[in-house]
Amino acid sequence: MPRRSAQEWIRLSLRTPGILIFGLVMAPCGWILDLTATVAPNWRTLHSLPNTASDVFIQQGIWDICRATSTNTREECNLQDTTYFNNQIIEVAQGLMVASLIVTLIGLAVAIPGVRCWRDRPNWTVAGLGGLLIFLSGVMTIIPIAWYTHILPNVTTVTSTVDVRVGYCIVLGYIGGIFEVLGGFVMFIGICRCCGGRNRGEVRVDEVTASRYNPKPQPRRVDVPSLNRARSNASSVPYSKDSLDDDVSFPRAKSPAARSANSSYNGRPYDADL
């Protein structure tokens with residue numbers, strides 16, 4: 001029999017591995033959060049603006065600027081601020097956020113056929129490449145958001161009296177980017193077999209054959225004597241009534257014979273009878 005040059009592995013289940021399911025769930029969730037962070041005009045909010053009412057604040061994003069009030073839900077958008085949009089961070093954020101959305105879709109399109117594609121085992125190379133693209137898309141999301149947060153008070157037209165606050169797009173972008181980074185990384189580690197093949201749901205062939213031909217010894221069975229004895233139908237004690245007459249070590253008094261009530265006594269009377 002030829003000797004194997006490398007270990008052979010086998011999957012004991014046809015279910016999709018957990019690392020691929022994790023990546024395919026995290027990536028779309030991160031993409032939706034990144035899309036919201038890209039199009040919504042709320043990367044930062046400016047409060048306590050000079051020469052305006054106290055309840056008026058401005059929401060600034062990477063594509064639009066809106067003015068709103070705390071008492072009115074209607075917003076006035078499409079405000080012009082050439083100085084704000086000419087900042088380098090705005091141009092970088094626009095390019096990276098759009099590129100991140102496109103790369104995530106490409107990564108999902110590559111990973112989905114590799115996950116199963118109606119075969120017994122996944123195509124780990126294709127699924128790993130899709131995970132790598134998803135990982136890179138998450139990095140492209142985190143870079144502009146972290147940069148924007150770092151220079152948040154210094155992004156133009158902000159005086160010392162203006163209260164600058166972080167918008168909800170920053171929070172959603174961080175969460176979405178982390179989702180994509182984790183999902184893509186977990187899918188990518190499927191390219192290399194690690195943790196004894198448990199990341200792929202595989203085991204070595206020799207381990208399967210060894211467990212099949214060398215089963216574990218069965219536990220020794222111990223016969224416990226039964227305590228049940230034969231019992232008589234007429235008694236609840238574990239011996240019969242007839243055995244009482246056989247095992248008697250002392251004499252018994254005989255019971256007197258029964259008298260008949262209808263029989264007549266013709267004998268001679270004695271003094272005791274008078």
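Author: Take Cys 29, which is partly exposed, with a relative accessible area of 36%. Buried means under 20% relative accessible area, exposed over 50%, and partly exposed in between (1.4 Å probe, protein chains only). This is a predicted model: local features need pLDDT of at least 70, side-chain atom pairs count only at pLDDT 80 or more, and totals for chains, interfaces and linings use all residues. Residues are numbered from 1 along each chain as its sequence is written, and side-chain values use heavy atoms, leaving out hydrogens and water.

Reader: Is Cys 169 buried or exposed?

Author: Cys 169 counts as buried, at 0% relative accessibility.

Reader: Which cysteines does a disulfide join?

Author: A disulfide is a pair of cysteine sulfur atoms within 2.5 Å. Here Cys 66 is joined to Cys 77, with S to S at 2.1 Å. Cys 66 lies in strand E4 (residues 65-69) and Cys 77 in the loop between E4 and helix H2 (82-85), so the pair ties together parts 11 residues apart in sequence. Helices (H or I, at least four residues) and strands (E, at least two) are DSSP runs, numbered from the N terminus. Cys 66 is buried at 1% relative accessibility, whereas Cys 77 is partly exposed at 31%.

Reader: Which residues of H1 are buried?

Author: The buried residues of H1 are Ile 19, Leu 20, Gly 23, Met 26, Ala 27, Gly 30, Asp 34, Ala 37 and Thr 38. They cover an arc of only 130 degrees around the axis, which puts them on the same side of H1. The arc is that of the directions from the helix axis to the C-beta atoms.
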